[in-house]
Amino acid sequence: MQQPVRIAPSILSADFAELGAEVRRIDAAGADYIHVDVMDGHFVPNITIGPAVVKALRPHTAKPFDVHLMIAPVDPYLEAFAAAGADILSVHPESGPHLHRTVQTIRALGKKAGVVLNPATPLSVLDYVIEDLDLVLVMSVNPGFGGQSFIDSQLRKIEAIRKLIDATGKTIDLEVDGGIDTATAPRAIAAGADVLVAGTATFRGGPDAYGANIARLRGGGAA
Ligand SMILES: O=C(CO)[C@H](O)[C@H](O)COP(=O)(O)O
Ligand SMILES: [Co+2]
């Protein structure tokens, strides 16, 4: 069943020179999850942050850290991100040879497990792991950068995954990431998403705007 809409600001769009304060600000502004984009310059053409930064940010909020791992191979780093304070670890199936094993490793570390589908990744990768997941993340842009435009074809994928999740009878978040703003948020929610990642749309306008930005996205984009 689709759950109430939650907002996961991506700190990729925060001021990196004051990340701790930015995390405290989005926490106070109503963020539900803190979305952390981890990029390695290999799986995706950009380099961002590693476990040391996650650990440094951990004391700044009690909100769940939703860690989106865009690194390959991913398996050797799961333990470090878990120890650093991640709550949800989400992996791309293309980032290791044994997705089922990777999901079991995350669960064995006591963390929530997510699988991320790139725009061209078919639904079938979920067939034999969905029952073990806490979250499915649909990329509505190709991973690597913030500020890209929402890819409309992913709405069909969200609709299809909503049906798959509901058929399990389990509580599994359906998150969408990339190009979420006041125009695309209501479309993603109507398709069945219940967690919206938003980098650009959360941080635009500076700290005084974060609360209103998050509230607008949660309300499905209404002003
Ligand atoms: O995973 C990501 C990129 O790979 C980011 O989470 C995503 O792009 C968020 O940024 P924006 O809301 O600006 O599109
Ligand atoms: Co992300």
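I count Ala, Val, Leu, Ile, Met, Phe, Trp, Tyr, Cys and Pro as nonpolar, Asp, Glu, Lys and Arg as charged, and the others, Gly among them, as polar. The model I am reading is predicted.

Entry on ligand 1. I sorted the residues of its shell into eight nonpolar, twelve polar and two charged. The shell holds 22 residues, and the closest are Ser10, Pro143, Gly146, Gly199 and Thr200. I found that strand E2 (34–39), strand E8 (195–198) and helix H7 (200–203) each supply at least two residues of this shell.

Entry on the record. I looked up UniProt, where an unreviewed entry gives the feature "binding site" at His35, Asp37, His68 and Asp177. These positions are spread over 143 residues of sequence, yet they cluster in space, with a largest C-alpha distance of 10.5 Å.

Entry on two of these positions. I located His35 in strand E2 and Asp177 in strand E7 (residues 173–177). His35 is buried because 29 other C-beta atoms lie within 10 Å. I also list Asp177 as buried, because it has 27 C-beta neighbours inside 10 Å. Beyond four places in sequence, the contacts of His35 include His68 and Val197; those of Asp177 also include His68 and Val197.

Entry on the core. The largest nonpolar core has 65 residues, and Val67, Leu89, Val136 and Leu196 have the most contacts inside it. Strand E6 (residues 135–139) gives the most to this core, with five residues. Among the contacts of Val136 beyond four places in sequence I noted Leu126, Ile161 and Leu174.

Entry on Ala167. I placed this residue in helix H5 (residues 154–168). Ala167 is exposed, because 9 other C-beta atoms lie within 10 Å.

Methods. Residues are numbered from 1 along each chain as its sequence is written. Chains are lettered from A and ligands numbered from 1 in the order in which they are written. This is a predicted model: local features need pLDDT of at least 70, side-chain atom pairs count only at pLDDT 80 or more; totals for chains, interfaces and linings use all residues. Helices (H or I, at least four residues) and strands (E, at least two) are DSSP runs, numbered from the N terminus. A residue is buried if 20 or more other C-beta atoms lie within 10 Å of its own, exposed if 12 or fewer, and partly exposed in between; C-beta atoms are placed from the backbone. A residue is near a molecule or strand if its C-beta atom, placed from the backbone, lies within 6 Å of it. A nonpolar core is a set of buried Ala, Val, Leu, Ile, Met, Phe, Trp, Tyr and Cys residues joined through C-beta atoms within 7 Å. Two residues are in contact if their C-beta atoms, placed from the backbone, lie within 7 Å. UniProt positions are given in the numbering used here, feature names are shortened, and annotations may be inferred rather than shown by experiment.
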